[in-house]
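Here's a quick tour of one model, going from a pocket to the cores and then to a single helix. Have the sequence and the 3D view open as you read.

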Amino acid sequence: MDELRRIDLNLLVTLHALLTEKHVTRAAERLHKSQPAVSYALAQLRHRFNDPLLVRRGSRMELTARAHAIIQPLHDALINLNGLLGGEMEFDPSQMRGRLRLAMSDYATRIVLPRLVQHVRRFAPNLDLAISQASRDTMLLQLRDGELDLGLGLFPDVPEHIRVQSLFTESYISIADKSTLPDEGGLAFECWLNRPHVLVALSPDSNDEIEQKLALMGLQRRVAVVLPHWGMAVDLLPGTELVLTIASRALEFQPQNRALRTFPPPLELSRFAYKQGWHIRSENDAAHRWLRQAVLSCS
């Protein structure tokens with residue numbers, strides 16, 4: 001108890017914001033304080049913990065080993081203290097301010113983002129959203145390091161410090177120029193495999209679920225074009241023998257092209273869950289819970 005008498009508990013709230021945001025200005029915005037006030041608090045915290053807590057690495061601030069060690073216990077302590085003092089308070093999203101950072105592919109920006117933005121503007125008009133695009137592995141690293149609040153993707157395997165929730169279930173569909181297809185139906189497996197394919201991926205060396213399935217069969221398809229945007233991928237198909245196999249809902253918002261035809265992939269591909277993922281430290285944060293529910297309802 002002696003240690004508690006020596007520190008202003010408000011400093012611990014500031015410390016939590018600084019370690020979560022890893023940025024003095026963003027922490028100040030989150031706390032509704034001035035940047036000089038938060039900078040002064042950081043100086044006090046560094047003296048109190050005898051540790052820099054945040055150190056600059058190039059253009060970024062990173063947590064020290066001591067900061068990494070205390071961030072989760074600090075989060076848990078503040079949650080418990082808040083519950084002790086006031087219990088679970090009713091959350092009012094209209095009073096929420098600041099910025100939340102989400103990462104998603106352009107697939108999700110078409111399916112989820114328009115409704116999500118409308119929802120946020122209606123119920124939390126003072127909340128800002130920052131949207132980025134990243135690979136699955138990068139999202140997990142950014143969630144771990146506090147650079148991201150929520151990531152949307154497949155997430156088949158996640159570390160224990162990440163929580164995920166399924167938003168909806170998807171299936172694959174193939175699409176090609178109908179002049180290169182039989183009069184009816186799609187392609188037989190051997191013909192499908194031997195055609196040049198388009199792969200939508202952030203990395204040119206991506207090994208997606210289709211490649212993994214074929215590898216288990218001892219097979220490999222020829223990927224003639226790799227690009228990160230599914231909308232443009234569809235535009236590459238007319239007048240070529242290219243085949244594109246993507247999540248079916250991706251085509252719901254694509255202008256219909258009469259030169260193209262969809263068909264079931266002649267390869268058994270399991271349906272998959274599209275998910276949202278977050279770090280465990282945000283599990284009980286009221287604003288974060290509201291955002292997760294908003295994403296779920298808009299998916």
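## Who lines the pocket

Start with the second largest pocket: helix H6 (106-111), helix H8 (136-144), strand E5 (150-153), strand E8 (197-200), helix H10 (209-216), strand E10 (243-247) and strand E12 (272-279) each put at least two residues into its lining. Keep in mind that this is a predicted model.

The volume of this second largest pocket comes out at about 930 Å³. Its lining runs to 35 residues, and the ones closest to the centre are Arg-136, Leu-154, Val-200, Ala-201 and Glu-209. Sort the lining by class and you get 20 nonpolar, 9 polar and 6 charged residues.

## The overall picture

Stepping back, the chain has 12 helices and 12 strands. Its C-alpha atoms fill a box of roughly 80 × 40 × 30 Å along the principal axes.

Of the 299 residues in the chain, 43% count as buried. Now look at the contacts with a separation of 6 or more: 74% of them are between residues 24 or more positions apart.

In soluble globular proteins, nonpolar side chains tend to be buried together. Here, the largest nonpolar core has 54 residues, and Tyr-107, Leu-116, Leu-152, Trp-192, Leu-244, Tyr-274 and Val-295 have the most contacts inside it. Helix H12 (residues 286-297) gives this core its largest share, with 5 residues. There's also a second, separate core of 24 residues, with Leu-11, Leu-63, Ile-70 and Leu-78 among them.

Which residues does Leu-244 touch, leaving aside those up to four places away in sequence? The list is Ile-173, Ser-174, Ile-175, Val-198, Val-200, Ala-233, Val-234 and Leu-237. One of these, Val-200, also turned up among the residues closest to the centre of the second largest pocket.

## Helix H3, side by side

Now zoom in on helix H3 (residues 24-31), where Val-24, Ala-27, Ala-28 and Leu-31 are buried. Those four sit on the same side of H3, because they cover an arc of only 100° around the axis.

What do the buried residues of H3 pack against? Their partners are helix H2 (9-21) and helix H4 (35-49). Just after H3 comes His-32, which takes a positive phi of about 60°.

Methods:
Residues numbered from 1 in each chain as written. Predicted model: local features only at pLDDT ≥ 70, side-chain atom pairs only at ≥ 80, totals over all residues. Heavy atoms only, no water. Core = buried A, V, L, I, M, F, W, Y, C linked by side-chain atoms within 4.5 Å. Buried < 20%, exposed > 50% of the residue type's maximum accessible area, 1.4 Å probe, protein only. Contact = heavy atoms within 4.5 Å. Arc of directions from axis to C-beta. 1 Å grid on protein atoms, 1.4 Å probe; cavity = no way out; pocket = protein on both sides within 12 Å on 5 of 7 lines; lining within 4 Å. Points joined across faces, edges and corners; volume = space filled by probe spheres on them. Nonpolar A, V, L, I, M, F, W, Y, C, P; charged D, E, K, R; others polar.
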